[in-house]
Amino acid sequence: MIGKLNHVAIAVNDLRAAADTYRNLLGATVGKETEQPDHGVKVVFIDLPNTKVELISPLGEDSPIARFLDKNPVGGIHHICYEVDDILAARDRLLQGGARVLGGGQPKTGAHGKPVLFLHPKDFNGVLVELEEA
Ligand code: CO
(Lines give C-alpha, C1' and ligand atoms only; values in the text may rest on other atoms or scores of the structure.)
Protein backbone atom coordinates (compact mmCIF):
# COMPACT_ATOMS: atom_id res chain seq x y z
CA MET A 1 0.00 0.00 0.00
CA ILE A 2 2.63 2.58 0.97
CA GLY A 3 4.88 3.90 -1.76
CA LYS A 4 7.80 6.31 -1.69
CA LEU A 5 9.18 7.97 1.41
CA ASN A 6 7.95 11.51 0.78
CA HIS A 7 9.80 13.19 3.65
CA VAL A 8 11.28 12.93 7.11
CA ALA A 9 10.19 15.78 9.38
CA ILE A 10 12.53 17.26 11.97
CA ALA A 11 11.19 19.58 14.69
CA VAL A 12 13.44 22.57 15.36
CA ASN A 13 13.32 25.60 17.64
CA ASP A 14 14.97 28.01 15.20
CA LEU A 15 13.83 27.38 11.64
CA ARG A 16 16.23 29.89 10.05
CA ALA A 17 19.24 28.48 11.90
CA ALA A 18 18.29 24.91 10.96
CA ALA A 19 17.80 25.89 7.31
CA ASP A 20 21.22 27.60 7.33
CA THR A 21 22.80 24.45 8.74
CA TYR A 22 21.38 22.36 5.90
CA ARG A 23 22.33 24.99 3.30
CA ASN A 24 25.82 25.90 4.49
CA LEU A 25 27.13 22.89 6.39
CA LEU A 26 25.44 20.08 4.45
CA GLY A 27 25.29 21.86 1.08
CA ALA A 28 21.61 21.04 0.56
CA THR A 29 19.02 22.73 -1.64
CA VAL A 30 16.81 24.61 0.80
CA GLY A 31 13.31 25.83 -0.06
CA LYS A 32 11.36 28.86 1.15
CA GLU A 33 9.84 29.17 4.60
CA THR A 34 6.05 28.75 4.56
CA GLU A 35 3.43 29.01 7.28
CA GLN A 36 0.71 26.39 7.75
CA PRO A 37 -1.74 27.83 10.26
CA ASP A 38 -4.03 24.76 9.96
CA HIS A 39 -1.25 22.57 11.34
CA GLY A 40 0.28 25.15 13.71
CA VAL A 41 3.68 24.99 12.02
CA LYS A 42 6.22 26.90 9.94
CA VAL A 43 8.00 24.70 7.42
CA VAL A 44 11.11 24.64 5.24
CA PHE A 45 11.66 21.80 2.79
CA ILE A 46 15.12 20.48 1.97
CA ASP A 47 15.23 18.79 -1.43
CA LEU A 48 17.35 15.67 -1.65
CA PRO A 49 17.83 13.53 -4.76
CA ASN A 50 15.63 10.72 -3.44
CA THR A 51 13.37 12.35 -0.83
CA LYS A 52 12.89 15.50 1.25
CA VAL A 53 13.53 16.69 4.77
CA GLU A 54 10.84 18.87 6.33
CA LEU A 55 12.10 21.26 9.01
CA ILE A 56 9.15 22.25 11.19
CA SER A 57 8.86 24.78 14.00
CA PRO A 58 5.92 25.99 16.08
CA LEU A 59 3.45 28.58 14.80
CA GLY A 60 0.98 29.96 17.33
CA GLU A 61 0.27 29.22 20.98
CA ASP A 62 -0.91 25.60 21.02
CA SER A 63 1.21 24.16 18.23
CA PRO A 64 1.69 20.39 18.54
CA ILE A 65 5.35 21.03 17.74
CA ALA A 66 5.75 23.21 20.87
CA ARG A 67 4.85 20.25 23.08
CA PHE A 68 7.26 18.01 21.17
CA LEU A 69 10.06 20.56 21.63
CA ASP A 70 9.32 20.79 25.35
CA LYS A 71 10.14 17.10 25.57
CA ASN A 72 12.99 17.30 23.02
CA PRO A 73 14.66 20.68 23.62
CA VAL A 74 17.35 20.32 20.94
CA GLY A 75 14.82 19.13 18.35
CA GLY A 76 14.40 15.67 16.89
CA ILE A 77 12.72 13.51 14.29
CA HIS A 78 9.00 14.27 14.52
CA HIS A 79 7.39 12.11 11.82
CA ILE A 80 7.95 10.30 8.56
CA CYS A 81 5.69 10.59 5.54
CA TYR A 82 4.84 7.81 3.12
CA GLU A 83 3.01 8.29 -0.15
CA VAL A 84 -0.21 6.43 -0.91
CA ASP A 85 -2.28 6.37 -4.11
CA ASP A 86 -5.66 6.72 -2.44
CA ILE A 87 -5.79 8.21 1.03
CA LEU A 88 -9.37 7.20 1.83
CA ALA A 89 -8.74 3.59 0.79
CA ALA A 90 -5.56 3.62 2.91
CA ARG A 91 -7.48 5.01 5.90
CA ASP A 92 -10.20 2.40 5.62
CA ARG A 93 -7.67 -0.42 5.40
CA LEU A 94 -5.82 0.91 8.47
CA LEU A 95 -9.01 1.31 10.50
CA GLN A 96 -10.07 -2.19 9.53
CA GLY A 97 -6.69 -3.46 10.74
CA GLY A 98 -7.14 -1.75 14.10
CA ALA A 99 -4.75 1.19 13.61
CA ARG A 100 -5.63 4.57 15.10
CA VAL A 101 -6.01 7.40 12.61
CA LEU A 102 -5.63 10.83 14.22
CA GLY A 103 -7.87 13.86 13.70
CA GLY A 104 -11.07 11.84 13.46
CA GLY A 105 -9.86 10.16 10.27
CA GLN A 106 -10.61 13.15 8.07
CA PRO A 107 -7.73 14.08 5.73
CA LYS A 108 -6.34 17.62 5.98
CA THR A 109 -4.48 19.53 3.31
CA GLY A 110 -0.77 19.03 3.85
CA ALA A 111 2.36 21.02 3.02
CA HIS A 112 2.18 20.15 -0.68
CA GLY A 113 -1.50 21.00 -1.09
CA LYS A 114 -2.41 17.30 -1.04
CA PRO A 115 -4.55 15.36 1.45
CA VAL A 116 -2.71 13.95 4.46
CA LEU A 117 -3.51 11.84 7.52
CA PHE A 118 -1.52 11.07 10.66
CA LEU A 119 -1.38 7.66 12.36
CA HIS A 120 -0.88 7.03 16.06
CA PRO A 121 2.81 6.43 16.98
CA LYS A 122 1.87 3.61 19.37
CA ASP A 123 0.67 1.55 16.40
CA PHE A 124 3.91 2.11 14.44
CA ASN A 125 6.81 1.40 16.76
CA GLY A 126 6.82 4.81 18.37
CA VAL A 127 6.93 6.73 15.08
CA LEU A 128 4.30 9.28 14.09
CA VAL A 129 3.42 8.35 10.50
CA GLU A 130 1.97 10.77 7.95
CA LEU A 131 0.33 9.49 4.79
CA GLU A 132 0.14 11.78 1.77
CA GLU A 133 -1.86 11.10 -1.36
CA ALA A 134 0.68 11.27 -4.16
CO1 CO B 1 5.07 16.07 7.10
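The following legends describe close-up views of a predicted model.

Local features are reported at pLDDT of at least 70 and side-chain atom pairs at pLDDT 80 or more, while totals for chains, interfaces and linings use all residues. Residues are numbered from 1 along each chain as its sequence is written, and side-chain values use heavy atoms, with hydrogens and water left out.

**View 1. Overall fold of the chain.** The chain has three helices and nine strands (DSSP runs, numbered from the N terminus: helices are H or I of at least four residues, strands are E of at least two). Read from the N terminus, the order of elements is β-α-β-β-β-β-α-β-α-β-β-β. The radius of gyration is 15 Å, close to the 14 Å of the globule rule for 134 residues, so the chain is as compact as a globular protein of that length (radius taken over C-alpha atoms; rule, 2.2 Å times the number of residues to the power 0.38). Along the principal axes, the C-alpha atoms fill a box of roughly 45 × 35 × 25 Å.

**View 2. Protein donors of the cobalt ion.** His7 (NE2), Glu54 (OE), His79 (NE2) and Glu130 (OE) lie 2.1 to 2.4 Å from the cobalt ion. Donors are N, O and S atoms within 2.8 Å of the metal (3.2 Å for Na, K and Ca); water is not among the atoms, so sites may look incomplete. Along the chain, the donors follow the spacing H-x46-E-x24-H-x50-E.

**View 3. Angles at the cobalt ion.** The arrangement is irregular because the four donor atoms subtend angles of 85 to 172°. Four donors count as tetrahedral if all angles lie between 85 and 135 degrees; four count as square planar and six as octahedral if opposite donors are over 155 degrees apart and all others between 65 and 115; anything else is irregular.

View 4. Glu54 belongs to strand 5 (residues 52-58) and His79 to strand 6 (residues 76-84), so the pair ties together parts 25 residues apart in sequence. Both Glu54 and His79 are buried (under 20% relative accessible area; exposed is over 50%, partly exposed in between; 1.4 Å probe, protein chains only).

**View 5. Surroundings of Arg23.** Arg23 is placed in helix 1 (residues 15-25) and, at 38% relative accessibility, counts as partly exposed. Apart from neighbours within four places in sequence, Arg23 is in contact with Ala28 and Val30 (contact: heavy atoms within 4.5 Å). A separation of 8.6 Å lies between the C-alpha atoms of Arg23 and Ile46, which are 23 residues apart along the chain.
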